[in-house]
Structures are given as structure tokens and as C-alpha cells.
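Biologist: Please take me through this model, and give the cut-off behind each term.

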Amino acid sequence: MVTDAVPVVTNVLMAAALFGLGTGIDVRKLAKGGRVVLLGGIATAIIAATSLAGVALLV
């Protein structure tokens, strides 16, 4: 029963996270680059590495 609900919960949480990120973006700061772009790159790398590790553990 729990494993059937996991995809639904994951989709809802991902949508909420993307909404939160989207509303918090300041385009002017992003265009300037610097720390904001670096932080975004680091966050993306951490998420990608975590996802890759999770997939590797499942396979």
C-alpha cells in the first residue's frame, strides 16, 4: 500500500519544490551571474549525484 502511494507523493513534492524555486528566482541576479549561478550549479550537481546514487542502488 505504501509503495503504491510513493509515485504520487513524489510528484506532488517535486511540483511543490519547482513552484517554490520558480517563485524565488530574481532574473536580474541570475543575469549578473556570480554566487547565484554558482549556488544553482552546486545544487544541481548535488541533486544529480543523489539521484544517480539512488538509481545505482536500485539496479
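**Open helices**

Modeller: Helix H1 lies largely in the open, because 0 of its 22 residues are buried. Buried means under 20% relative accessible area, exposed over 50%, and partly exposed in between, with a 1.4 Å probe and protein chains only. This is a predicted model, where local features need pLDDT of at least 70, side-chain atom pairs count only at pLDDT 80 or more, and totals for chains, interfaces and linings use all residues. Residues are numbered from 1 along each chain as its sequence is written, and side-chain values use heavy atoms, without hydrogens and water.

Biologist: What makes Met14 partly exposed?

Modeller: Its relative accessibility is 49%, and Met14 sits in helix H1, residues 2-23. Helices are DSSP runs of H or I with at least four residues, strands are runs of E with at least two, and both are numbered from the N terminus.

Biologist: What is the pattern of the protein chain along the sequence?

Modeller: The pattern is α-α-α, with 3 helices and 0 strands. The chain is more spread out than a compact globule, because its radius of gyration is 15 Å, well over the 10 Å that the globule rule gives for 59 residues. The radius is taken over C-alpha atoms, and the rule is 2.2 Å times the number of residues to the power 0.38.
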